[in-house]
Amino acid sequence: QVQLVESGGGLVQAGGSLRLSCAASGRIFRINVMGWYRQAPGKQRELVATITGENNSNYADSVRGRFTISRDNAKNTVYLQMNSLKPEDTAVYYCNANVWDIAAISNTYWGQGTQVTVSS
């Protein structure tokens, strides 16, 4: 089994910054794509950013230029640096990872979510 644990959420004023972290642990052989998604109240969960094992990244149009995704493969950790935050960025942010475990089985895992609130 694999666990994803997020940290770094909180309350920040518009224009401020936050950095989210997500550490994967468990029976990991290799982590493929890692990503961040978010879900605001009354809305569907949406993609924020993804990053491959080769550090190729992809962003939602709404965050491109303001957010940066990165990963530390040695630590099985993915980060999301969020700058110039806007009230519309308020949501629960979820970490996601596609993992090959030591039995060569691939599964997608989700973290428990971390709340980000941006005040105007």
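**Figure 1. Surroundings of T114 in the predicted model.** In this predicted model, a polar atom of the T114 side chain lies 3.3 Å from the backbone nitrogen of G9. T114 belongs to strand 11, which covers residues 114-119. With a relative accessibility of 11%, T114 counts as buried. Beyond residues up to four places away in sequence, T114 touches E6, G9, L20, A91, V92 and Y93. For one of these residues, V92, the C-alpha atom is separated from that of T114 by 5.4 Å, although the two residues are 22 apart along the chain.

**Figure 2. The disulfide between C22 and C95.** The structure contains 1 disulfide, and this link joins C22 to C95 with an S to S distance of 2.1 Å. The bond connects distant parts of the chain, as C22 lies in strand 3 and C95 in strand 9 (residues 91-101), 73 residues apart. The angle about the S-S bond is -80°, and the link of C22 and C95 is left-handed. Are the two cysteines buried or exposed? C22 has 0% relative accessibility and counts as buried; C95, also at 0%, counts as buried. In general, a disulfide is a covalent bond between the sulfur atoms of two cysteines.

**Figure 3. Strand 8 and its pairing partners.** Strand 3 (residues 18-26) runs antiparallel to strand 8 and is joined to it by 6 bridges. Within this pairing, R19 has Q81 of strand 8 as its bridge partner. Strand 7 (residues 67-72) also pairs with strand 8 in the antiparallel sense, over 6 bridges. There, D72 has T77 of strand 8 as its bridge partner.

Figure 4. N76 is not a glycine, yet its phi is positive, at about 50°. The residue is placed in the loop between strand 7 and strand 8, and the hairpin of these strands has 4 residues between them. N76 counts as partly exposed, with 24% relative accessibility. A104, another residue other than glycine, has a positive phi near 65°. A104 sits in the loop between strand 9 and strand 10 (106-110). Its relative accessible area is 52%, and A104 is exposed.

**Figure 5. The salt-bridge network around D89.** A search of the whole structure finds 4 salt bridges. Which residues are linked in a network of salt bridges? They are R38, E46, R66 and D89. In the pair formed by R38 and D89, the closest N and O atoms are 2.9 Å apart. R38 lies in strand 4 and D89 in the loop between strand 8 and strand 9, so this pair ties together parts that are 51 residues apart in sequence. D89 also forms a salt bridge with R66, where the closest N and O atoms are 2.8 Å apart. R66 lies in the loop between strand 6 (57-59) and strand 7, so its pairing with D89 ties together parts that are 23 residues apart in sequence. D89 counts as buried at 0% relative accessibility. R38 is buried with a relative accessible area of 6%, and R66 is buried with 12%.

**Figure 6. The salt bridge of R64 and D61.** The side chains of R64 and D61 meet in a salt bridge, with an N to O distance of 2.5 Å. R64 is partly exposed, with a relative accessible area of 45%. D61 counts as exposed, at 66% relative accessibility.

**Figure 7. T108 in strand 10.** T108 is located in strand 10 and is partly exposed, with a relative accessible area of 45%. Its side chain makes a polar contact with the side chain of N98, at 3.4 Å. Apart from neighbours within four places in sequence, T108 is in contact with N96, A97 and N98. The C-alpha atoms of T108 and V33 are separated by 9.3 Å, and these residues are 75 apart along the chain.

**Figure 8. The largest nonpolar core.** The largest nonpolar core has 32 residues, of which W36, L80, M82 and Y93 touch the most other members. Among the elements that give two or more residues to this core are strand 1 (2-7), strand 4 (28-39) and strand 5 (46-51). Strand 9 gives the most, with 5 residues.

Conventions
Residues are numbered from 1 along each chain as its sequence is written. This is a predicted model: local features need pLDDT of at least 70, side-chain atom pairs count only at pLDDT 80 or more; totals for chains, interfaces and linings use all residues. Side-chain values use heavy atoms; hydrogens and water are left out. Two strands pair if DSSP finds at least two bridges between them. A disulfide is a pair of cysteine sulfur atoms within 2.5 Å. Buried means under 20% relative accessible area, exposed over 50%, partly exposed in between (1.4 Å probe, protein chains only). Contact means heavy atoms within 4.5 Å. A polar contact is a pair of N or O atoms within 3.5 Å; within protein, one must be able to donate a hydrogen and the other to accept it, and residues adjacent in sequence count only if both atoms are side-chain atoms. A nonpolar core is a set of buried Ala, Val, Leu, Ile, Met, Phe, Trp, Tyr and Cys residues joined through side-chain atoms within 4.5 Å.
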